[in-house]
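Below is a briefing on a protein chain and its ligand.

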Amino acid sequence: MLKVSGLACSRGERRLFADVGFSLAAGEWLHVQGENGAGKTSLMRLLVGLSPADAGEIRWRDEPTPSVEFRRDLIYLGHHAAVKEDLTPLENLRLAAALDGIALDERTSLAALIRLGLRGREDLPVRVLSAGQKRRVLLARLLTRPAVLWVLDEAFNALDVAAVKLLGELIAEHLSAGGMAVLTSHQPLPVPGGKALVL
Ligand SMILES: Nc1ncnc2c1ncn2[C@@H]1O[C@H](COP(=O)(O)OP(=O)(O)OP(=O)(O)O)[C@@H](O)[C@H]1O
């Protein structure tokens, strides 16, 4: 269970939001909405522990975050998350796993890339892939290790119609398996249910 209460955030002189609260249980997801500059990315960064809040509390499994359990249970894909251009998709996935302290076998990586429609691209340097294919390499990380909580900032950007549908399916499968997700997007998302938070 993720429980957020009384969260406040300022940037410079400006108060972006105050008293933000929500909770997520297994199978639930939150759609964070708001106009450009409202503070969606700032909220996601607070949630995952990359920047401190002015006030409020974030609890995961009844413990304050960040905790070892929270880090283990979380996959965060930031708004500007990128893949390394000189590495191949397989190498990118291995590197991301290593940074999470996890050894990743090639079979799992390859299966993730194939699910993301990148069969035959796994050994090419990422720099030769299209923008959408690069996003797909990033999204393949979702399938390389089990994580209960997916925090995805504008993950649907730069995806073609098929990839939007695929990501929607991956998130729906994740939720059906008891996962949770916090998603930002300016568009309606192809994921059933969901709570809304408008900043
Ligand atoms: N480190 C920082 N220093 C100063 N201002 C910042 C900083 N980070 C964010 N801001 C400001 O905070 C506001 C909210 O930014 P944020 O990226 O959270 O918005 P957003 O809702 O994700 O916007 P968008 O829909 O355009 O992606 C913006 O005005 C931004 O310029």
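The shell around the ligand divides into 2 nonpolar, 7 polar and 2 charged residues; here Ala, Val, Leu, Ile, Met, Phe, Trp, Tyr, Cys and Pro count as nonpolar, Asp, Glu, Lys and Arg as charged, and the others, Gly among them, as polar. This is a predicted model, in which local features need pLDDT of at least 70, side-chain atom pairs count only at pLDDT 80 or more, and totals for chains, interfaces and linings use all residues. Residues are numbered from 1 along each chain as its sequence is written.

**Ligand shell**
- The residues around the ligand are Arg-11, Gly-12, Leu-16, Gly-34, Asn-36, Gly-37, Ala-38, Gly-39, Lys-40, Thr-41 and Ser-42, where a residue counts as near if its C-beta atom, placed from the backbone, lies within 6 Å.
- Helix H1 (residues 40-47) gives the most to this shell, with 3 residues.

**Confidence**
- The average pLDDT of the protein chain is 94, and 100% of the residues score at least 70; pLDDT is the predictor's confidence in each residue, from 0 to 100.
- For the complex, the predictor gives an ipTM of 0.94 and a pTM of 0.93.

**Overall fold**
- The protein chain has 6 helices and 9 strands, taken as DSSP runs (helices H or I, at least four residues; strands E, at least two) and numbered from the N terminus.
- The radius of gyration is 17 Å, close to the 16 Å that the globule rule gives for 199 residues, so the chain is as compact as a globular protein of that length; the radius is taken over C-alpha atoms, and the rule is 2.2 Å times the number of residues to the power 0.38.
- Of the 199 residues, 36% count as buried (20 or more other C-beta atoms within 10 Å of the residue's own; exposed means 12 or fewer, partly exposed in between; C-beta atoms are placed from the backbone).

**Helix H3**
- In H3 (residues 89-99), the buried residues are Pro-89, Leu-90, Asn-92, Leu-93 and Ala-96.
- These residues lie on the same side of H3 because they cover an arc of only 165° around the axis, the arc being that of the directions from the helix axis to the C-beta atoms.
- Ala-98 and Leu-99, on the other side of H3, are exposed.
- The buried residues of H3 pack against helix H4 (106-115) and helix H5 (131-140).

**Arg-135**
- Arg-135 lies in helix H5 and is buried, with 24 other C-beta atoms within 10 Å.
- Leaving aside neighbours within four places in sequence, Arg-135 is in contact with Ala-158 and Leu-159 (C-beta atoms, placed from the backbone, within 7 Å).

How values were computed: Contact = placed C-beta atoms within 7 Å.
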